[in-house]
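This briefing concerns a predicted model of a protein chain. Please look at the sequence and the coordinates together before turning to the points below.

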Amino acid sequence: MKKIALAAAFALVAGGAQADNPMVGGAPMFASKNIVENAVNSADHTTLVAAVQAAGLVETLQGEGPFTVFAPTDAAFDRLKAGTVEALLEPEAKDQLTKILTCHVVGADAMSGAIKGMIDDDGGAHMVPTLGGCMLEATYDGDRIMLEDERGRTINVTIADVEQSNGVIHVVDRLILPAM
């Protein structure tokens, strides 16, 4: 009886550790796992996972961090011109792919509340430097955080604050692209 009670208590604690994290791509996201370990389970991020592998960024995103990753969905990749994703996954496009992907990564653990605070502190818009050298302009409207990339395109955070052992993921609806 004592073993059953202990197992039930453990299940509640383990479930509670994930309970604060939203589901992403139909999969639970565990704060005890790193960015790559969680992303591979999301049905909505298969293209992103393939791109991270093709760019050789798996080890980096499994590293200590902290990282904030603006994670584009498969639908975000589908918005690109036909053939673009396939071309980016080719070995000869590795540098370009790496540049694009690292424009989705910030070298900090920035939850949405912190991002909104920085936006407020800066009078309504906050410039966000990425590890890829891109500058994003962050704004918000109510609970929705938006980013503007260097091409003037708006990227919406659709799922915020997915905690990871080495940072946080914010799911986005569009790829962040560097200036031409």
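Strand β1 is largely enclosed by the rest of the structure, because six of its six residues are buried.

**Strand β1 and its partners**
- Phe67, Val69 and Ala71 point one way from β1, whereas Thr68, Phe70 and Pro72 point the other way, and the residues of both sets are buried.
- With strand β7, which spans residues 167-172, β1 pairs in the parallel sense over six bridges, and Pro72 stands opposite Val172 of β7.
- With strand β2, which comprises residues 105-106, β1 pairs in the antiparallel sense over two bridges, and here Thr68 stands opposite Val106.

**Helix α3 and its cover**
- Helix α3 runs over residues 46-55, and its buried residues are Thr47, Leu48, Val49, Ala51, Val52 and Ala55.
- The cover over these buried residues includes β1 (67-72) together with the helices α2 (35-39), α4 (58-62), α5 (74-78), α6 (84-88) and α7 (94-102).
- Gly56 follows α3 and has a positive phi, near 75°.

**The chain as a whole**
- The secondary structure of the protein chain comes to eight helices and seven strands, and 42% of its 180 residues count as buried.
- Among contacts between residues at least 6 apart in sequence, 60% join residues at least 24 apart.
- The accessible surface of the protein chain comes to about 9,300 Å², and 57% of this area belongs to carbon and sulfur atoms.

Methods: Residues numbered from 1 in each chain as written. Predicted model: local features only at pLDDT ≥ 70, side-chain atom pairs only at ≥ 80, totals over all residues. Heavy atoms only, no water. Buried < 20%, exposed > 50% of the residue type's maximum accessible area, 1.4 Å probe, protein only. Helix = DSSP H or I, 4+ residues; strand = E, 2+ residues; numbered from the N terminus. Contact = heavy atoms within 4.5 Å. Areas by Shrake-Rupley, 256 points an atom, 1.4 Å probe, with all protein chains shown as cover. Pairing = 2+ DSSP bridges.
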